[in-house]
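Please consult the sequence and the structure shown below while reading.

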Amino acid sequence: MKKAPRIAISLGASFMGYATHAGFMARLHALGVRPAAIAGSSAGAITAGLYAAGLGAEAIRDVVLSPRLYLSFAKGTRWVWHQFVRAHQDAHPGFLDAQGAIRHFESFVGQRDIESLTNPRLMIALSDLKNAETVFASRGPLATAMAASACVPMMFSPIEFDGRMCTDGGVAHETPVDPWFTDEGVDHIIIHRIDQPPARPPFMLHGRLIATMFASRESMGRQIMADRLRLAAVHGKRITTVTTVHARPSPLFPRGLKSRYAMGEATAQKLYDEHLATPS
């Protein structure tokens, strides 16, 4: 009897895309897919951390659809101190302090370490700006890694993790997969990306500047992704990439999270029907 492939799932960076990723994982879980490993960057790290910690689908859905999640990234900010003192002291300042997000995630996953999660194993991508390095965190405090990976540069100040000042894992690794290329416990790597449809440039200048930043990052990410797909083939790993397309939520009034959750579910169903229902 042919052995079922051992699956690893990587959830990509996307501004506030955690609800889409949660729908994706919920549907796969309902269909009986149990990954041996899961990883994430930024929004993907939030969903990956909740899933690996063993929260049920309904519990995760409640977390990602609640406004408390995105508000937690500003809740810990000491406004005057942060804006006028730390901004001049920090090497890589951000407008907000995301310490409140750590406490919010701890209320769901506790003060657990990543290495305590084995079913599935978890990996979270972080960016160490000081040393210009990517960190594939497979040990250390879970809630801290989840929050740090989602700290978009300039918007949030870096968070200390394992002696490093870390920020958005999606800077260089939109979908972290590299350590799995030589992992004998992984046969099939599934990547779930979130992309935005073409749209007219925003009217206001600040909106166009933000759109330019995201477009530049997207261009870099696609080239890096192409290189990683070639590396996966060199190492003999099967790799499947699926994408959910929807507009980026507004950071101030993020409507439509429920519909984006459902879009993630639909992507997972399509993936299952086309690639997983009858394993090759």
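This is a predicted model: local features need pLDDT of at least 70, side-chain atom pairs count only at pLDDT 80 or more; totals for chains, interfaces and linings use all residues.

A second, separate core holds 12 residues, among them Ala8, Met123, Ile191 and Ala232. The largest nonpolar core has 63 residues, and within this core Phe24 and Val64 touch the most other members. In soluble globular proteins, nonpolar side chains tend to be buried together.

The protein chain contains nine helices and eight strands. Its radius of gyration is 18 Å, close to the 19 Å given by the globule rule for 280 residues, so the chain is as compact as a globular protein of that length. Of the contacts between residues at least 6 apart in sequence, 75% join residues at least 24 apart. Further values for the whole chain are tabulated here.

| Property of the protein chain | Value |
|---|---|
| Span of the C-alpha trace along its principal axes | about 65 × 40 × 35 Å |
| Buried share of the 280 residues | 49% |
| Accessible surface | about 13,700 Å² |
| Share of the accessible surface on carbon and sulfur atoms | 58% |
| Distance between the centres of the positive and negative side chains | 5 Å |

Helix α2 is mostly covered, with 10 of its 10 residues buried. These buried residues are Ala43, Gly44, Ala45, Ile46, Thr47, Ala48, Gly49, Leu50, Tyr51 and Ala52. Glycine 54 follows α2 and has a positive phi, near 95°.

Helix α3 spans residues 57-65, and its buried residues are Ile60, Val63, Val64 and Leu65. An α-helix has 3.6 residues a turn, so residues three or four places apart point the same way. The cover over the buried residues of α3 includes α1 (18-30), α2 (43-52), α4 (67-75), α6 (99-109) and α9 (257-276).

## Arginine 255

Arginine 255 is located in the loop between β8 (238-245) and α9. Is this residue, arginine 255, buried or exposed? Its relative accessibility is 65%, and exposed means over 50%, so arginine 255 counts as exposed. From glycine 100, arginine 255 is 155 residues away in sequence and 22 Å away in space, C-alpha to C-alpha.

Terms used
Residues are numbered from 1 along each chain as its sequence is written. Side-chain values use heavy atoms; hydrogens and water are left out. Buried means under 20% relative accessible area, exposed over 50%, partly exposed in between (1.4 Å probe, protein chains only). Helices (H or I, at least four residues) and strands (E, at least two) are DSSP runs, numbered from the N terminus. Contact means heavy atoms within 4.5 Å. A nonpolar core is a set of buried Ala, Val, Leu, Ile, Met, Phe, Trp, Tyr and Cys residues joined through side-chain atoms within 4.5 Å. The radius of gyration is taken over C-alpha atoms; the globule rule is 2.2 Å times the number of residues to the power 0.38. Accessible areas come from the Shrake-Rupley method with a 1.4 Å probe; for residues, only the protein chains shown count as cover. Lys and Arg count as positive and Asp and Glu as negative; His and the chain ends are not counted. The place of a charge is taken as NZ of Lys, CZ of Arg, CG of Asp or CD of Glu.
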